[in-house]
Amino acid sequence: MEGKIVGFIGVIIILLIAAAVGFYEYSSVSSSYSSLSSSYSSLSSSYSSLNSSYSSLSAQLQKAEQNETKYMNEAENYSQLYMMYKSLYKQNAEGAALDTVLEAYDGVSIENPNDVLPYLAPNFTATIEGVPFPGTYNLESFNNTWLADFFSNYETVYFYTTALPTITQISHNTYEVTDVVQFFVAPTNDPIYLQVFNASNTIIVQDINGKMEITSLTWMGNELPPSAVIAGYPSQHTLESNVVLSEVLSEINGLGAEFNPATIAQNFAPNAVLEVTGQLPSVFMTGNHTGISNIENFFSTWDSYFIFVAEYSQNLLPNGTAVPPSVSVQLSPLGTMAVVVANVTPFIGFVNQGEPGFPNIYDIHVNLVTYLQYNSTTASWQIEKQIFNATMIPILQDTLYYNLNMPIFKVIGEDTVTVNTSQGAILQEGNIVTVIKPGTYAMLPNGSMISIYNFSLITFSLQAVMPPAQDFFNLTPTYAFAFAINGQISPKYALVNASGSPDPAITIVYAPDTWTSWTWFGGTFNGTAYIGGSYKFADHWIYGNGVIVNNQFFKPVLWIFESSCEPVGMPPTPVSVTPKEVFGLSPIADYTYEVNGITGGVVMAGNILVVIQPGTTITAPSGTTLTTFNFSVVFYAPQNVTAPEPGQVPFLVFAYAINNCVSFHYVASKPFITVIMTPSCGANMWTWGLTKSGMYGYVLHDPILIGKGIVINLTFIRPVPWVLTLPLM
């Protein structure tokens with residue numbers, strides 16, 4: 001039993017040992033399991049965190065890929081925009097450089113250093129070769145010397161470029177502008193001596209602190225006559241020759257017409273000398289008559305002694321050929337003078353009743369030499385000295401050549417054109433311009449109408465033509481002009497419209513307001529002279545300052561100009577207004593006159609002449625009818641407008657205004673006849689206003705007639721803006 005107990009106890013001990021060993025192994029395994037479980041949980045948590053980070057990174061990567069695509073697109077757009085920016089920057093810089101040059105030119109024309117100096121850099125230099133005022137200048141000397149001399153020597157300045165300037169970039173902020181510019185100038189001391197400076201220029205313009213400034217100017221200048229740069233423009237010598245000859249012939253005409261002494265001597269300078277020599281009736285004092293009062297006394301004796309004088313003026317060449325008086329004109333800024341020679345000027349004077357020698361008729365030949373000087377203060381030519389060398393000859397030596405009975409008109413000038421009815425025509429002869437309107441036919445004596453015909457404007461000298469009886473002592477015949485249709489001067493022909501009604505030509509004559517005319521017909525025309533006929537009736541003209549216009553002549557007959565001592569018509573009266581900016585246009589000058597639309601008038605405005613036809617009324621926007629109104633011609637800066645089409649450049653921008661209103665809502669009952677003295681080759685006319693798009697621009701291409709240096713429009717009825725353009729040369 002003890003053995004059993006001992007064995008049992010041994011078994012228990014063995015079991016306890018086994019249990020202890022097993023518990024230990026269990027505890028060890030259990031601890032390892034717990035540790036592995038904890039590691040698993042930690043790894044699982046790390047996996048979840050990594051998985052979340054992966055998802056986030058995956059989303060970021062996807063967004064990054066999208067951003068990369070967007071960036072690439074943006075980069076491409078940026079490259080394109082950058083190239084566009086560089087191109088626009090270059091264009092803007094070039095335009096700014098050119099603008100600086102033109103603004104400086106404009107400042108020279110304005111004649112104000114404040115309009116020039118802002119465009120010159122502090123280190124500005126100028127090299128001037130040729131005209132005017134050659135030399136080398138810095139900023140200070142250019143201002144104090146060249147600009148000062150230019151502004152003091154010239155009182156009227158205009159400029160334009162003969163072609164578009166060339167602009168070249170020579171560094172990132174420096175540009176070279178080359179051009180050929182022409183300045184029209186009138187010397188202050190001699191404003192009739194119009195000069196043209198043609199300059200080939202090279203200008204360096206630099207961007208200095210964000211502002212374009214001129215750093216250097218190279219000017220190569222030469223002088224040209226106006227006729228060389230304006231097609232059809234007569235030379236200044238020709239123009240001034242006509243003026244001085246007109247003054248001398250006016251004096252001769254006054255001696256023949258027995259005008260009052262003040263009128264005869266009106267063109268003499270206050271200190272002039274009339275040197276009278278040779279043979280004269282005893283009542284005349286020979287010797288020097290100095291000063292206006294003494295000269296007028298001589299002419300007063302002439303006027304009292306003769307009741308009537310027949311006269312003409314000519315030069316007799318050594319071979320016996322008679323030619324018109326000769327004129328020599330010298331033009332220069334330092335001295336302008338002229339000499340008129342009429343070496344055979346016969347005066348056949350009928351002695352007045354009560355005067356010594358009555359009823360004698362003296363035949364006095366005068367060798368007349370006249371010296372004239374231009375007076376810039378009075379803006380007129382004045383006779384400084386005249387040599388009056390007289391010789392009396394027997395009257396029978398000249399009466400064989402004087403026609404005292406049969407009126408004869410000899411042709412002295414003619415302009416003939418072939419008229420196409422659809423086009424009209426412009427004729428010019430001497431101081432006369434005649435306009436045949438489009439749509440004008442020629443009616444022949446048999447009543448038929450032709451659309452293509454020859455039309456002539458002819459001027460005549462006078463022989464044996466006395467003043468009209470009604471105004472015998474008030475008027476003096478000067479010369480005549482006529483129309484001819486197919487070479488015929490006869491009231492049996494006529495200018496008519498398509499319905500056969502009269503369609504008068506428009507005749508413009510540069511003449512004073514002391515002129516009028518009488519209609520004459522009834523004679524015959526052989527191509528070189530019109531013989532016979534008589535006065536029929538007085539004509540009615542529309543008067544302006546230095547111009548008269550007729551819009552009633554439709555028969556090819558003669559009209560004789562008659563000169564009066566007193567004004568025959570009244571030009572419109574100038575008034576002062578302040579023009580407004582309209583249709584995006586900035587006014588630079590205006591000419592305004594009070595016009596009576598019932599009598600009409602001619603408005604002179606620079607190079608524009610406007611005829612307000614008699615019977616013209618204006619319908620205002622309110623519906624009111626105006627018969628008397630202020631009429632303005634307003635000029636605007638050409639740079640306010642764009643080119644209407646390729647190849648056409650704005651040259652003249654102007655508008656009419658009624659009572660200072662430029663508006664499409666005023667309407668005239670008759671067209672304003674518009675005459676523009678301008679370079680005319682390739683000219684076009686355009687109406688400017690508010691377009692359908694709501695912007696200011698061109699709204700109409702206007703019809704015009706083009707002559708030699710003249711453009712005419714016959715359709716304007718509204719006071720609106722117009723643009724005259726010329727072809728780009």
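Reader: With a relative accessibility of 11%, how is Glu 213 to be classed, buried or exposed?

Author: The model is a predicted one. A residue is called buried when its relative accessible area is under 20%. Glu 213, at 11%, therefore counts as buried in this model.

Reader: Which residue forms a salt bridge with Glu 213?

Author: Side chains of opposite charge can pair when their charged atoms come close. Here the partner of Glu 213 is Lys 211, and their closest N and O atoms lie 3.8 Å apart. Lys 211 itself is partly exposed, having a relative accessible area of 37%.

Reader: Where in the chain do Glu 275 and Lys 385 lie?

Author: This pair links distant parts of the chain, the two residues being 110 residues apart. Glu 275 belongs to strand E8 (residues 268–278), and Lys 385 to strand E16 (residues 380–393). As to accessibility, Glu 275 counts as partly exposed at 22%, and Lys 385 is likewise partly exposed, with a relative accessible area of 33%.

Reader: Which residue does Lys 437 meet in a salt bridge?

Author: The side chain of Lys 437 meets that of Asp 503, at 3.0 Å from N to O. This pair also links distant parts of the chain, 66 residues apart. Lys 437 is in the loop between strand E19 (432–436) and strand E20 (441–443), while Asp 503 is in the loop between strand E24 (494–496) and strand E25 (506–509). Lys 437 is partly exposed, with a relative accessible area of 23%, whereas Asp 503 counts as buried at 11%.

Reader: Turning to strands, in what order do E35, E36 and E39 stand in their sheet?

Author: Strands of a sheet pair through backbone hydrogen bonds, and the pairing is either parallel or antiparallel. In this structure the three strands make an open sheet in the order E36-E35-E39, with antiparallel pairing.

Reader: Why is one side of strand E36 and of strand E39 left without a neighbour in the sheet?

Author: Strand E36 (625–626) and strand E39 (667–668) stand at the edges, and each has a single partner strand, so one side of each has no neighbour in the sheet.

Reader: How many bridges join strand E35 to E39, and which residue stands opposite Ile 618?

Author: Strand E35 (residues 618–619) is joined to E39 by two bridges, and these strands run antiparallel. Opposite Ile 618 stands Ala 668, in E39.

Technical notes:
Residues numbered from 1 in each chain as written. Predicted model: local features only at pLDDT ≥ 70, side-chain atom pairs only at ≥ 80, totals over all residues. Heavy atoms only, no water. Pairing = 2+ DSSP bridges. Helix = DSSP H or I, 4+ residues; strand = E, 2+ residues; numbered from the N terminus. Salt bridge = Lys/Arg side-chain N within 4 Å of Asp/Glu carboxyl O. Buried < 20%, exposed > 50% of the residue type's maximum accessible area, 1.4 Å probe, protein only.
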